[in-house]
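Thanks for coming. I will take the two ligands in turn and go through what surrounds each one.

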Amino acid sequence: MTALLEIKNLQTEFKTEDGIVRAVDDVTLSVRAGEVLGLVGESGSGKTVTALSILRLIEKPGAIVGGSIRFDGRDVLALAEKDLTELRGDRISMIFQQPKVCLNPVLTVGQQIAEVFLRHRSMEKKDALDQSVELLRSVGIPSPETKVSAYPHELSGGQAQRVMIAIALALTPRILIADEPTTALDVTIQAQIIELLRKLCETTDTALIIVTHDLGVIAEIADRVAVMYAGQIVEEASVEELFDTPQHPYTVGLMQSMPTLGDRRQRLNMIPGSVPRPFHMPVGCRFSPRCRARVEHGLEKCLTDPPALTGETRKLRCWLEGKE
Ligand SMILES: Nc1ncnc2c1ncn2[C@@H]1O[C@H](COP(=O)(O)OP(=O)(O)O)[C@@H](O)[C@H]1O
Ligand code: SF4
Ligand SMILES: [Mg+2]
């Protein structure tokens, strides 16, 4: 099946006072219609910058400096500003970690959903508001006829995220990008929101890119997973393959640091060390300073030569490949 979204060798950087930060360096990813792709990695690994790059939302002094993004056969990086409006919201939409920050405090929930229809579709205001009530119902907001007139501060965190999901799915996009959509919510609500996203995307055949640092979320919802480390994809596999036989030492470390199901607050066996800082990237493999497997296998090459991402359906960026 051909990919709906195809990202090749994407590079995104920011100019800072200290120099250039390449937040995304050589990311290759594809998404098929209707599938759920999980993008996972520790904080600072470049997940959000990748997501924003897809929608061309990187603002100066940041810029996409290399690679290509194709959506539905079109070159996203070559799109004119007016075509970007259609791409964003209409074809690909995005929800973020802090739903309340994204909602406008002075407009009612209904006004904000209706606004999407009024901007992108020719529709009477009354019809747009009626549609908003239906959307609120579909995302599980109780008494949607009343809640449509509520202001954001009258909503709980979970309700606000449901409203954001309603706005994001209002125009039935082909892809929804959800960036840490449940991180700010408490655990029971998290599970409900994940289930809602899964159900809605399945019903509308919308592909979902779920961005998270939480492998538990990935296990619940994703079909395929890409693991990101220091601006690069280090492993990609189906969710079953990844959990059954993780191959990259970083993925193995992430699995071992997964909190036990009983207590999600308890983090065990954290990977020692931290994601390298942008100006101190290791010369060879970016994970080498933290990699126990390298030491165990006596791999010198890891310290001098950066490994490439190789493989077809299952991909790996590691010199260890085939050494087991
Ligand atoms: N506007 C910016 N200016 C400078 N550096 C940035 C900017 N946005 C992100 N970065 C850097 O890019 C890297 C990746 O960030 P991000 O994509 O937000 O990580 P993640 O979402 O995986 O936590 C980080 O090192 C971060 O400091
Ligand atoms: S290339 Fe070497 S250092 Fe990097 S993850 Fe693989 S074994 Fe570890
Ligand atoms: Mg992020």
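The shell around ligand 1 splits into three nonpolar, six polar and two charged residues. Here Ala, Val, Leu, Ile, Met, Phe, Trp, Tyr, Cys and Pro count as nonpolar, Asp, Glu, Lys and Arg as charged, and the others, Gly among them, as polar. This is a predicted model, where local features need pLDDT of at least 70 and side-chain atom pairs pLDDT 80 or more, while totals for chains, interfaces and linings use all residues. Residues are numbered from 1 along each chain as its sequence is written, chains are lettered from A and ligands numbered from 1 in the order in which they are written, and side-chain values use heavy atoms, with hydrogens and water left out.

Which residues are around ligand 1? They are Phe-14, Thr-16, Ala-23, Glu-42, Ser-43, Gly-44, Ser-45, Gly-46, Lys-47, Thr-48 and Val-49, each with a heavy atom within 4 Å of the ligand.

Now the oxygen atoms of ligand 1. One is 2.8 Å from a polar side-chain atom of Thr-48. H1 gives the most, with three residues.

On to ligand 2. The residues around ligand 2 include His-248, Cys-285, Cys-291, Arg-294, Cys-302, Cys-318 and Trp-319. By class, its shell has nine nonpolar, two polar and one charged residues.

Definitions and conventions: Polar contact = N/O pair within 3.5 Å; in protein donor to acceptor, adjacent residues only side chain to side chain. Helix = DSSP H or I, 4+ residues; strand = E, 2+ residues; numbered from the N terminus.
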